[in-house]
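Open the model in your viewer and keep the selection panel at hand. The tour moves from the whole chain to single residues.

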Amino acid sequence: MIRSRRGARLSAVLAIPLFAIGALGVPSPASAATAGGPTGSIPSASAPLTCAGRGVDPAAKIRYRTETLIEAPLHTIWKLQTDVEHWPSWQPVVTSAERLDRGALRRGSQFRWTTPVPETPNTPATTLSITSTVHQLKSDTCIRWSGPAVGEGLRIDMGVHVWNFTPVKGGVLVRTEETWTGAQVEADVPTSTAYLGYGLEAWLSDLTNAAGAEQCGRTRTA
């Protein structure tokens, strides 16, 4: 079973300008690989993750896939992941999240969420706004959404994100894969892929911690 590698937590994991790496002291993809952090590489034989037969963008140059085993009930993990408006309560890099429709998250649902981007020598501090649309969803099994991420001087034209949840011995295997497209991030594919990897590793780590906290709370009150 593959467990998630704990990448460095970055306050702007979604689209830090590529020239800011040195200024922020973030390791390069090569040094991250040496340190055991995400390398951004996916074996060519790995089939893309899908939900209802649909996966990430097959033509995207920027792609990252990872997984972790979470020792918590499936319903706890699924609720945390799909209760979008409460993401800020367990994901430090998500500063706001709102549903643009009502009811249970479903195909066609939309939500908007934000993450701060720190000031760099070349760009001002700003906030990246991501508007996501759910395209496929199978309860307790998988979800796929996509959308652009836009901030002052920063842009990802389209991100496509797939999540799979599989009950296994000892917990739930959570697998995720995401692709990015856009001229700014494609200007340096290896670095963009490394940053995408750090973001997904941090998300899995936060989800693991939140699910564990939920379980501990229920155990104490049982």
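Predicted model: local features only at pLDDT ≥ 70, side-chain atom pairs only at ≥ 80, totals over all residues.

Residues are numbered from 1 along each chain as its sequence is written, and side-chain values use heavy atoms, leaving out hydrogens and water.

**Whole chain.** Colour by secondary structure. Of the 222 residues, 50% are buried (under 20% relative accessible area, 1.4 Å probe, protein chains only).

**Core.** Select Ile77, Trp87, Phe165 and Val174. They have the most contacts inside the largest nonpolar core, which has 37 residues (buried Ala, Val, Leu, Ile, Met, Phe, Trp, Tyr and Cys joined through side-chain atoms within 4.5 Å). Now show helix H5 (189-221), one of the elements that give two or more residues to this core. H5 supplies the largest share, seven residues.

**Phe165.** What surrounds phenylalanine 165 beyond its neighbours within four places in sequence? Its contacts (heavy atoms within 4.5 Å) include Leu74, Ile77, Trp78, Cys142 and Val174.

**Disulfide.** Select cysteine 51 and cysteine 142. A disulfide joins them, S to S 2.2 Å (cut-off: cysteine sulfur atoms within 2.5 Å). Cysteine 51 sits in the loop between H2 (29-35) and S1, cysteine 142 in strand S5, 91 residues apart. The S-S torsion is about 70 degrees, so this disulfide is right-handed. Both cysteines are buried.

Key:
Helix = DSSP H or I, 4+ residues; strand = E, 2+ residues; numbered from the N terminus.
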